[in-house]
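Me: I am new to reading protein models. Can we go through one step by step?

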Amino acid sequence: ALHLDTNYALAYAGLGDAYCQRYQKFQFPLDWIDSAIVVSTRSVQIDPTLAEGYKALGLAFDARGWYEKALDQYYTAVRFNPNLASAVGNIGVLQQSFGNLDEALKWLKRSITLSPDRVHTYIAVGIVYQTLASDSLAFAWYDKAERLEPDNPLVLINRGWLHLTRGELNLAR
């Protein structure tokens, strides 16, 4: 796309996301995040109203550990597109990591409403309820995640951890 239009902001945002995925999911070197920041920044320079550009930049900041800066970018993305489920969900995950569990639940559940097929969001809601010691709600959300993706290792790990915290060793296995 960039060969056809060197000012295609959405393509730069897509590259930013892809570069982050290379680091986060496939253990490529950290310098991919630096590249993600460059192309995501280019995206928002070309189109300062493109939500996907801010979301990509937030993802890169998040991967760098710059969580406050990432949260600012995610909020900007949602300001431009309130229906961008990935940015909405990422706000929820960061709010969870900051310990703002009610705020996390609000954003995570909104993300599920926008995109009900994102299994990681269901897991994140389960983790919030697990943190709140609402075991039955945590199990219910892990069950929802498992229905979407039966072999997802994060579902199995989190459910197993919850069983361990309850002293249910056989169920944890």
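Reply: Start with a definition. A salt bridge is a side-chain nitrogen of Lys or Arg within 4 Å of a carboxyl oxygen of Asp or Glu. Keep in mind that this model is predicted. Here, Asp-34 and Arg-64 form a salt bridge, with their closest N and O atoms 2.4 Å apart. Asp-34 sits in helix α2 and Arg-64 in helix α3, 30 residues apart, so the pair links distant parts of the chain.

Me: How many salt bridges does the structure hold?

Reply: Seven. One of them joins Lys-55 and Asp-17, at 2.8 Å from N to O. Lys-55 belongs to helix α3 and Asp-17 to helix α1, 38 residues apart.

Me: Is Lys-55 buried or exposed?

Reply: Buried means under 20% relative accessible area. Lys-55 has 9%, so Lys-55 is buried. Asp-34, at 34%, is partly exposed. Arg-64 is partly exposed too, at 26%.

Me: Where do Glu-103 and Lys-106 lie?

Reply: Both are in helix α6, three residues apart, about one turn of the helix. Salt bridges with shared partners also join Asp-135, Arg-166 and Glu-168 into one network.

Me: Now helix packing. Why are α7 and α9 called roughly parallel?

Reply: Angles under 35 degrees count as roughly parallel. α7 and α9 pack at about 10°, with axes 10 Å apart. They are therefore roughly parallel to each other.

Me: Which residues meet there?

Reply: From α7, they include Ile-123 and Ile-127. From α9, they include Val-155 and Trp-161. The contact has six nonpolar residues, three polar and no charged.

Definitions and conventions. Residues are numbered from 1 along each chain as its sequence is written. This is a predicted model: local features need pLDDT of at least 70, side-chain atom pairs count only at pLDDT 80 or more; totals for chains, interfaces and linings use all residues. Side-chain values use heavy atoms; hydrogens and water are left out. Axes are lines fitted to C-alpha atoms, for helices over the stretch in contact, and angles run from 0 to 180 degrees between N-to-C directions. Helices (H or I, at least four residues) and strands (E, at least two) are DSSP runs, numbered from the N terminus. Angles under 35 degrees count as roughly parallel, over 145 as roughly antiparallel, 65 to 115 as roughly perpendicular and the rest as oblique. Contact means heavy atoms within 4.5 Å. Ala, Val, Leu, Ile, Met, Phe, Trp, Tyr, Cys and Pro count as nonpolar, Asp, Glu, Lys and Arg as charged, and the others, Gly among them, as polar. Buried means under 20% relative accessible area, exposed over 50%, partly exposed in between (1.4 Å probe, protein chains only).
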